[in-house]
Amino acid sequence: MGIVDGLLPIGEVPRRLRNQFMRGRFGQRLMAPFGRELKPERWIFIVGCYNSGTTLLKDMLAGHPAIGVLPGEGVKFTDALPRPEEFGWNRMWCRCLDDVRLQPGVEMEGRVERIKRQWSIVYPKDRRNLLEKSIPNAARMPFLQVHFSPAYFIYLMRDGYAAAEGIRRKARPWLWKNSAYSSAYPIELCAEQWAETDRVIGEDRGEIEHFLQVSYEELAAKPVEVMGRITDFLGLPPLADEMMGQRWKVHGVESPIRNMNEESFAQLSAEDVDAIEEAAGPALVRYGYGRPDLESGGE
């Protein structure tokens with residue numbers, strides 16, 4: 001049944017109310033004892049920097065009949081995973097890394113059971129594989145591998161110039177009472193977050209058994225090929241090809257799959273680009289992300 005006169009289908013109302021209830025600490029505490037044990041065939045974690053296309057990739061994989069996803073980032077449906085916002089850092093975990101990074105160990109078993117029980121309230125009950133996409137998870141892959149087994153990690157990398165611009169544009173540090181920044185973050189701090197994400201993932205990936213890295217740019221240019229590589233990695237049948245041609249709504253913007261780096265480059269000044277290179281130059285060079293041509297709006 002579709003939406004009529006702007007109203008939700010009646011069958012959608014209980015689910016929406018439940019999801020909203022589970023976003024609050026009271027709902028999470030109240031419902032935790034009623035959660036079920038989760039034992040999927042595999043846990044799938046999408047990791048990457050903010051504004052790197054992770055939401056798009058999550059939404060695409062959500063269309064697979066064997067994959068279940070949460071109705072938002074997992075950190076919003078549990079009180080047992082620390083969020084950078086709790087420490088005043090909206091979309092910026094690099095400045096509170098020690099607070100959000102969890103280490104595996106037997107002392108974590110109670111926390112893990114609580115996370116899974118809270119998530120079970122909002123995960124679909126008929127999917128064999130469960131996918132989670134919370135950006136701070138990039139800082140805790142070893143923890144997730146041990147306590148959410150078997151864990152498969154997909155690292156989505158995007159041009160650091162575009163990612164930094166997106167962080168600056170979307171972050172709202174003042175809403176979280178950040179004492180250092182009462183307005184937008186400086187672009188060099190946003191670039192630092194991009195570079196730190198890659199550094200931490202790079203250091204941890206040697207411990208990770210199932211790890212695949214793909215790029216946002218390649219996903220946009222060759223979605224069928226890249227999604228095929230991902231489903232092969234997961235040991236699942238491929239997605240239907242017709243899904244690749246549909247329009248996707250990400251952060252309020254509806255569009256077919258396409259590379260949106262140009263729009264981000266257009267928001268950068270020459271001074272911004274210099275600052276990004278000062279903060280993240282080695283990583284930009286390592287991945288071959290060249291300086292945007294600002295006069296033409298991109299590379």
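So, where is the place of His 147? His 147 sits in helix 6, residues 141–147; helices here are DSSP runs of H or I with at least four residues, strands are runs of E with at least two, and both are numbered from the N terminus.

Before I go on, the housekeeping. This is a predicted model, where local features need pLDDT of at least 70 and side-chain atom pairs count only at pLDDT 80 or more, while totals for chains, interfaces and linings use all residues. Residues are numbered from 1 along each chain as its sequence is written, and side-chain values use heavy atoms, with hydrogens and water left out.

Back to His 147. It's buried, at a relative accessible area of 12% (buried is under 20%, exposed is over 50%, partly exposed is in between, with a 1.4 Å probe and protein chains only). Its side chain reaches the backbone nitrogen of Gly 105 at 3.2 Å. Setting aside neighbours within four places in sequence, His 147 is in contact with Pro 104, Gly 105, Met 108, Val 112 and Lys 116, contact being heavy atoms within 4.5 Å.

Keep Lys 116 in mind and step along to Phe 148. The charged end of Lys 116 sits over the ring of Phe 148, 4.9 Å from its centre. For that label, NZ of Lys or CZ of Arg has to be within 6 Å of the ring centre and within 35 degrees of the ring normal. Arg 158 does this too, lying over the face of Tyr 216 at 4.2 Å from the ring centre.

What else does Phe 148 touch, not counting residues up to four places away in sequence? Besides Lys 116, the list has Trp 43, Phe 45, Val 112, Ile 115, Trp 119 and Phe 143.

That's a lot of rings, which brings me to aromatics. How many aromatic pairs does the structure hold? There are 17. The rule takes rings of Phe, Tyr and Trp (the six-membered ring for Trp) with centres within 6.5 Å; planes under 30 degrees apart are stacked, over 60 edge-to-face, and the rest tilted. Trp 89 and Tyr 185 are a stacked pair, 6.2 Å centre to centre with 20 degrees between the planes. That pair links distant parts of the chain, 96 residues apart: Trp 89 is in the loop between strand 2 (67–69) and helix 4 (97–100), and Tyr 185 in the loop between helix 7 (160–170) and helix 8 (187–204). Trp 89 is buried at 13%, and Tyr 185 is buried at 1%.

Trp 119 and Phe 148 make a tilted pair, at 5.8 Å and 45 degrees. Here helix 5 (residues 109–120) supplies Trp 119, while Phe 148 is in the loop between helix 6 and strand 4 (151–157), 29 residues apart.

Now the core. A nonpolar core is a set of buried Ala, Val, Leu, Ile, Met, Phe, Trp, Tyr and Cys residues joined through side-chain atoms within 4.5 Å. The largest has 65 residues, and Trp 93, Trp 119, Phe 148, Phe 153 and Trp 194 touch the most other members. Helix 8 gives the largest share, eight residues. A second, separate core of 25 residues includes Leu 61, Ile 154, Leu 234 and Ile 257.

Last stop, cysteines. With a disulfide being two cysteine sulfurs within 2.5 Å, the count is zero. For Cys 94, the nearest cysteine sulfur is that of Cys 96, 7.9 Å away.

Methods
Polar contact = N/O pair within 3.5 Å; in protein donor to acceptor, adjacent residues only side chain to side chain.
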